[in-house]
Amino acid sequence: MSLDVTVAVPFRQHGSTRLGEGEFVVALSLDRDWFSPDQAKRLIDLAAGRGLVERDGTEIVATFDPADMQVPEEFEPDASVLREQSAFEQVLDACVAAGIEKQAAVAGINERQSKLGVTAEAAAVLFARSNGVDVGDAARKAKSGLSE
């Protein structure tokens, strides 16, 4: 969730869903002093990979409404936000964001994994889909992990 919140901050700061890449980087590196410029660019790549933003020429476009994102007043991301999440983590985050308690999601995933004898990632995707949670990108990532 912190990746979502972190990405929302520059858009909320500028009151827009579209920012130049430089504006986005400056908002996170100079204005907030959260990341170096290179780290802020890496964050854009991660956010694009998760489908949170799209590139439109030199602009970064939010694929969600940043105004709808709850940003705690004292929010500050930690370095883990720059680490690419595994398919399992992405699915678990999506389940929690959809209102499923984390503990219940983990228990359901573990049950499926044990019953079906599949990877944790595959079990997580099956659990999410059976609960109506869209996990398309993570499902593709989990599937590619099966073929490696």
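**Entry 1: the whole chain**

I began with burial: 39% of the 148 residues of the chain count as buried, where buried means under 20% relative accessible area, exposed over 50% and partly exposed in between (1.4 Å probe, protein chains only). I note that this is a predicted model, in which local features need pLDDT of at least 70 and side-chain atom pairs count only at pLDDT 80 or more, while totals for chains, interfaces and linings use all residues. Residues are numbered from 1 along each chain as its sequence is written, and side-chain values use heavy atoms, with hydrogens and water left out.

Next I looked up the elements and found seven helices and three strands; these are DSSP runs (helices H or I, at least four residues; strands E, at least two), numbered from the N terminus. Their order from the N terminus is α-β-α-α-β-β-α-α-α-α. The C-alpha trace spans about 50 × 35 × 25 Å along its principal axes.

How do the axes of α1 and α2 cross? I found that helix α1 (residues 2-14) and helix α2 (residues 21-31) have axes that come within 9 Å and cross at roughly 105°. The axes are lines fitted to C-alpha atoms over the stretch in contact, with angles from 0 to 180 degrees between N-to-C directions. That makes α1 roughly perpendicular to α2 (65 to 115 degrees; under 35 is roughly parallel, over 145 roughly antiparallel, the rest oblique).

I listed who makes the contact: Thr-6, Val-7, Pro-10, Phe-11, Gln-13 and His-14 come from α1, and Glu-23, Phe-24, Ala-27, Leu-28 and Asp-31 from α2. By class there are six nonpolar, three polar and two charged residues. Here Ala, Val, Leu, Ile, Met, Phe, Trp, Tyr, Cys and Pro are nonpolar, Asp, Glu, Lys and Arg charged, and the others, Gly among them, polar.

**Entry 2: aromatic pairs**

How many aromatic pairs does the whole structure hold? My search gave two. Rings of Phe, Tyr and Trp (its six-membered ring) pair if their centres lie within 6.5 Å; planes under 30 degrees apart are stacked, over 60 edge-to-face and the rest tilted.

Phe-11 and Phe-24 form a tilted pair, 5.6 Å centre to centre with 55° between the planes. Phe-11 is in α1 and Phe-24 in α2, so this pair ties together parts 13 residues apart in sequence. Phe-11 is buried at 0% relative accessible area, and Phe-24 is buried at 1%.

The ring planes of Trp-34 and Phe-75 stand at 85°, with centres 5.7 Å apart, so I wrote this pair down as edge-to-face. Trp-34 sits in the loop between α2 and α3, and Phe-75, 41 residues apart from it, in the loop between β3 and α4. Both Trp-34 and Phe-75 are buried.

**Entry 3: single residues**

Is Asp-4 buried or exposed? Asp-4 is in helix α1 and counts as buried, at 18% relative accessibility. Beyond its neighbours within four places in sequence, Asp-4 contacts Arg-50, Leu-52, Phe-64 and Met-69.

Asp-33 belongs to the loop between α2 and α3 and is exposed at 61%. Its phi is near 60°, a positive value in a residue other than glycine.

Technical notes. Contact means heavy atoms within 4.5 Å.
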